[in-house]
Amino acid sequence: MIPKRLLHVAQLSAVGIAGYYIGQTEKFNVCKESVLVDGKLISSKPGLPIFGTVSAAAPFTDSSIPKDRVSQIMKYGFPSLDQVRSYDDFVLSYDRRNRVPHWVFEHITKEHVKKNDAVDRSKCDFTPDESIHPFFRSQNSDYKGSGFDRGHMAAAGNHRLAQKHVEQTFFLTNMAPQVGEGFNRHAWNRLEKHVRKLTKVYDNVYCCTGPLYLPRKESDGKFYVRYQVIGANTVAVPTHFYKVVVAESSDGKLDMEAYVMPNQKIPDETPVSSYMVPPETIEKAAGLLFFDKLHRSKLNTINGKKV
């Protein structure tokens, strides 16, 4: 008898297969002498460096970023509080074990996505985030020759208010390995464009994006979670990616959309809508709660259907 929860996750994993066939888819502180841990000074020793850390539930916030901007982005709640880091125009939770985000949260409006001649994406470079402890950072060398793109979670095209904003989307903390041809450059890009188009209809769009590692049933009848890792830092290659979006209209109505896409080549003719899934299936698979300050009864629609 297969547990009900495992069936739900397996069904979510199958979304990618079904969609495919439809179309034919801190700042760290190097402590040179000692560090305060649980109220005690611990001496470092040669060959055993000690780094200052924050609690797993304590957000890392750049003091130069207005707190009201973080509040705007996270208006409807944090999916989790593990290694939270705020940038000028987006917020993320970093997965130190897998060297990719758990989730990345954005708040976008039509002003954020409209063309801005003062912003030049071509001047942006993929850059390791040195606020991450070096043990847990990904590097450009991890991606080199891997066959995977450095896939944005917070899309560069969502942050055109300032050059600094778009540059920060190129931090490797905002990246996860994605299949390039047919996915990152095509199907995933179409989903990103769809989210941007929502700003033409809604005043505010809140978008949470991240990776998934979903089980598949293998020939022995058992379920396994298998994924590749790349580079010297063993950066995890997710099996799938999700986006959960809440769009807020001028009259206060709220509509939610939720998507899961497999990290594989997807035919161009596959409609984005074929990857819609119930948001709770993503929450169960990811171990996260999206928009938890917003009761689902307050939503007007979920995936286009009246609540």
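Analyst: Let's start with Trp 188, which touches His 152, Met 153, Gln 178, Phe 183, Thr 209, Phe 241, Tyr 242, Lys 243 and Met 261, leaving aside residues up to four places away in sequence; contact here means heavy atoms within 4.5 Å. Before going on, please note that this is a predicted model, in which local features need pLDDT of at least 70, side-chain atom pairs count only at pLDDT 80 or more, and totals for chains, interfaces and linings use all residues. Residues are numbered from 1 along each chain as its sequence is written, and side-chain values use heavy atoms, with hydrogens and water left out.

Trp 188 is one of the residues with the most contacts inside the largest nonpolar core, together with Phe 183 and Met 261, and that core has 29 residues. Strand 7, strand 8, strand 10 (175–179), helix 7 (187–197), strand 15 (235–236) and strand 17 (254–262) each supply at least two residues of this core. Another core of 26 residues lies apart from it, and Tyr 76, Leu 254, Val 260 and Phe 291 are among its members. A nonpolar core is a set of buried Ala, Val, Leu, Ile, Met, Phe, Trp, Tyr and Cys residues joined through side-chain atoms within 4.5 Å. Buried means under 20% relative accessible area, exposed over 50%, and partly exposed in between (1.4 Å probe, protein chains only). Helices (H or I, at least four residues) and strands (E, at least two) are DSSP runs, numbered from the N terminus. In soluble globular proteins, nonpolar side chains tend to be buried together.

Two strands pair if DSSP finds at least two bridges between them. Strand 8 runs antiparallel to strand 7 (residues 90–95), with 6 bridges joining the two, and Phe 90 stands opposite Glu 106 in strand 8. These two strands form a hairpin with 4 residues between them, where Arg 99 in the turn has a positive phi of about 65 degrees. Strand 8 is also joined to strand 11 (residues 204–212) by 5 bridges, again antiparallel, and there Phe 105 has Cys 208 as its bridge partner. In a regular strand the side chains alternate between the two faces of the sheet.

Asn 204 belongs to strand 11 and is buried, with a relative accessible area of 19%. Its side chain makes a polar contact of 2.8 Å with the side chain of His 107. A polar contact is a pair of N or O atoms within 3.5 Å; within protein, one must be able to donate a hydrogen and the other to accept it, and residues adjacent in sequence count only if both atoms are side-chain atoms. Beyond residues up to four places away in sequence, Asn 204 touches His 107, Ile 108, Thr 109, Val 246, Ala 247 and Glu 248.

Now for the aromatic rings. Rings of Phe, Tyr and Trp (its six-membered ring) pair if their centres lie within 6.5 Å; planes under 30 degrees apart count as stacked, over 60 as edge-to-face and the rest as tilted. By this rule there are 14 aromatic pairs. One of them is the stacked pair of Tyr 87 and Phe 90, at 4.8 Å centre to centre with 15 degrees between the planes. Tyr 87 is buried at 7% relative accessible area, and Phe 90 is buried at 1%. Trp 103 and Phe 105 form an edge-to-face pair, with 6.1 Å between centres and 85 degrees between the planes. Trp 103 is buried at 0% relative accessibility, while Phe 105 is buried at 1%. Ring pairs link Trp 103 and Phe 105 with Tyr 76, Phe 78, Tyr 206 and Phe 291 into a cluster.
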